[in-house]
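Visitor: I would like to understand how the words used for a structure follow from their definitions. Could you take me through some of them?

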Amino acid sequence: MTDHVVVAQEEGVLILTFNRPDKKNAITDAMYGVLADSLENAERDPAVRAVLFQGEGDAFTAGNDLMDFAAQNAGGDTDRSMGERNVTRFLKALARAQTPLVAAVDGLAVGVGVTMLLHCDLVYAAEDVRLTTPFVNLALVPEAASSLLLPARIGHARAYAMFALGEALTGAEAAAVGLANKALPRAEVRPAALAAARALAQKPAGALRITKSLMRDAERIAALMDVEGAHFAERLRSAEAAEAFAAFTQRRAPDFSKIA
Ligand code: COA
């Protein structure tokens, strides 16, 4: 267990709060475990009618913990190779969730902090918040089925610039291109998202479930996650990734020029 994700429930809404503000809410394996368990339980619990994601501090989440990535790059992660990884459980639970998912993005979002929004049904973002998916800068590749879902949502050109150049979208731009429902002043984001989640919790759950299942092909999305995941795992162990993670730790720009 970890207290880096706070799990609360009120009026039919399961609230999952990233709570590691000193590390910009970067997600560790233990945190993915809590998120995955919570989503899996939500699907089985008729009292949960909607799920709300939010983050403490000035970040929604800075994405996967880069120290965890560096450990995997160094090969120190073999103990989990026998079972399904927590991150995989979390992503599959996002793909297959029948419960409505809502996100309150009132701080920066990086990597999976953005790609998870592609699985949320309603997204409220602060106007000035930055959303980035710098996978290639980290010598990695898109995950969470974002290689399909992001270009489908915002077009190939914008999605490629986000993946390959690490270009950011602001919350206002995210709302303009359909990645978020609304861009709001920071202080209004959480209340708006909570109100929306509460409104969903009052709707007929059966009709909501079927509506969502008609709108997305969950099994196709889950299958793509496996394809992306195989590439991601291979890239994670590459010399390119070792250089990218070392550069982050040493607070310098990476130098990929000597890596073939
Ligand atoms: N994994 C682990 N630690 C992270 C992190 C991550 N993804 N993102 C931020 N942190 C840590 C920093 O190392 C720093 O720790 P320290 O205080 O012990 O040195 C702390 O959070 C604050 O981050 P800092 O970089 O000082 O804040 P900033 O406001 O200057 O920049 C970010 C914020 C998010 C832009 C920057 O931290 C960043 O680029 N993080 C990496 C994001 C990323 O690449 N995620 C993976 C995507 S696949």
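Visitor: What makes β2, helix α1 and β3 a right-handed unit?

Guide: In this predicted model, strand β2 (residues 13–18), helix α1 (residues 29–44) and strand β3 make a right-handed β-α-β unit; a crossover is called right-handed if, with the strands pointing away from the viewer, the path from the first strand over the helix to the second runs clockwise. Helices (H or I, at least four residues) and strands (E, at least two) are DSSP runs, numbered from the N terminus. Residues are numbered from 1 along each chain as its sequence is written, local features need pLDDT of at least 70, side-chain atom pairs count only at pLDDT 80 or more, totals for chains, interfaces and linings use all residues, and side-chain values use heavy atoms, with hydrogens and water left out.

Visitor: How do you know that β2 and β3 pair?

Guide: Two strands pair if DSSP finds at least two bridges between them, and six bridges join β2 to β3, which run parallel; in one of these, Phe18 has Gly55 of β3 as its partner.

Visitor: Which strand is joined to β3 by three bridges?

Guide: That is strand β5 (residues 101–105), which runs parallel to β3, and there Leu101 is the bridge partner of Val51.

Visitor: Why is Thr132 called buried?

Guide: Buried means under 20% relative accessible area, exposed over 50% and partly exposed in between (1.4 Å probe, protein chains only), and Thr132 has 11% relative accessibility, so Thr132 counts as buried.

Visitor: How many residues of β3 are buried?

Guide: Six of the six residues in β3 (residues 50–55) are buried, with Ala50, Leu52 and Gln54 pointing one way and Val51, Phe53 and Gly55 the other.
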